[in-house]
Amino acid sequence: MEEASSPLSQPKKRGRPKGSKKIAVEDREISSPKMRDRATAAGNKKAAVVDDKYNNWKFVVPILYDWLANHNLVWPSLSCRWGPLLEQSKNKSRQRLYLSEQTDGSVPNTLVIATCDVVKPKVAAAEHISQFNEEARSPFVKKHKTIIHPGEVNRIRELPQNKNIVATHTDCPEVLIWDIEAQPNRYASLGAAASHADLVLTGHADNAEFALAMCPSEPYVLSGGKDKLVVLWSIHDHISTLVGDSTNPSGSIVKNSDNASLGPRGIFQGHTDTVEDVQFCPTSTQEFCSVGDDSCLILWDARVGTDPIMKVEKAHNADVHCVDWSPHDANYILTGSADHSVCMFDRRNLISDGVGSPVHKFEEHKAPVLCVQWCPDKPSVFGSSAEDGCVNIWDYEQVGQKIERGTRSTNYAPGLFFKHCGHRDKVVDFHWNAYDPWTVVSVSDDVETSSGGGTLQIWRMSDLIYRPRDEVLSELEAFKAHVASCGPKA
């Protein structure tokens, strides 16, 4: 969002420019030694700030976390998603994990299907989670299958009704649908042909890069793009064309040709700039919302037409990057913006005097917010990630509460109760784990600040942080009494 007159008015792509590489300061074309010295000093100062924050965070890892796994990535991933549960054992569970590899062109871009061993609560030892090597690959994450993707993978979404089906966005107008089990494992070598998507969804008139959602109750897909459109598809429409096909008796969405495509059920017009994110209402297959670079939040209902049923002008003071609709209370919607804030809206009272009127504005991030998501484990909790390298965990029920934090003066943002600072650069995506409570996967693009391409982290905060305060204090008091009773007798 850089512009000489207004730093937040110009939208920018959330990721590295295609083909870019990390360039050392001394390799840049700097016209004079004085300018080179200034650039080097600025780079060193930024690195020092990042390292200081990271070192402070790493020092308190054994106290704040029940479990943490750090996985260094060769290439950045712009999206990370939990897949289905595969196995369960006494101390851990095995789960599918979807990632991508955003390369510089020396090898193809890929969609990665990995397996992740998720350690169960109260199993990991404190010294184990604190002694990770940030430059190494985690033994908990293993690549299972690689799909050579036709272009960068900007967004990944899984289909709730079929855990083997995922959709991806890239730098093109189409949405690509993949059957993970049907796709062959590929080796990403230079010049290798791209894998064929099992189904291609058409309908956009321009690139659709980030806005992508799957309906929780029906196989519907929603997308938004640079054409300012929101487009809706039903995979049922493709399945119906395959019923009775002797080569596809199961009626799955697996392609019956190399060029299987599907047109939209509806095209919705109302935005005046790029649509950055979309989301279905959790209680309806026909209601959804969208946000974009026009600073608007728009609500739609496919049952009444293709025009907005509610348009919130100036939902934020800049581009709106992300949106999520609460699965616990269909009245609450979250938005995250380039103005560094997260807003919570109540759809029963969205506007005041013609502009957005949020229930509360959460302000703690120091850079554009890229992702927001409600926590599946507690209705009032949600997370947000931003270009400041942090994942913030909020509880809107704590807004307005007076919380005693000892004698030290604090400046905590209302509602903020946990800050994950394990990444060194912008956290481009994160995802709560629906199978393992309070467990999060997050991914950052580290090309500008470290030798690695990106960092994947799987983490779970200590339950002493999110459990009821009285319950925690009672447990700690009992533990204190137990320790005292184990001491030497007078």
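User: Is Leu-476 buried, exposed or partly exposed in this predicted model?

Analyst: Local features of this predicted model need pLDDT of at least 70, side-chain atom pairs count only at pLDDT 80 or more, and totals for chains, interfaces and linings use all residues. Numbering runs from 1 along each chain as its sequence is written, and side-chain values use heavy atoms, without hydrogens and water. Buried means under 20% relative accessible area and exposed over 50%, with partly exposed in between (1.4 Å probe, protein chains only). Leu-476 has a relative accessibility of 41%, so this residue counts as partly exposed.

User: Which helix holds Leu-476?

Analyst: Helices are DSSP runs of H or I with at least four residues, and strands are runs of E with at least two, numbered from the N terminus. The chain has six helices and 31 strands. Leu-476 sits within residues 469-485, which form helix α6.

User: How many residues does the largest nonpolar core have?

Analyst: A nonpolar core is a set of buried Ala, Val, Leu, Ile, Met, Phe, Trp, Tyr and Cys residues joined through side-chain atoms within 4.5 Å. In the largest one, Ile-393, Leu-456 and Ile-458 have the most contacts (heavy atoms within 4.5 Å). Its residue count is 44.

User: How many disulfides does a search of the whole structure find?

Analyst: A disulfide is taken as a pair of cysteine sulfur atoms within 2.5 Å. Cys-296 is buried, at 2% relative accessible area, and Cys-343 is also buried, at 1%. The number of disulfides found in the whole structure is zero.
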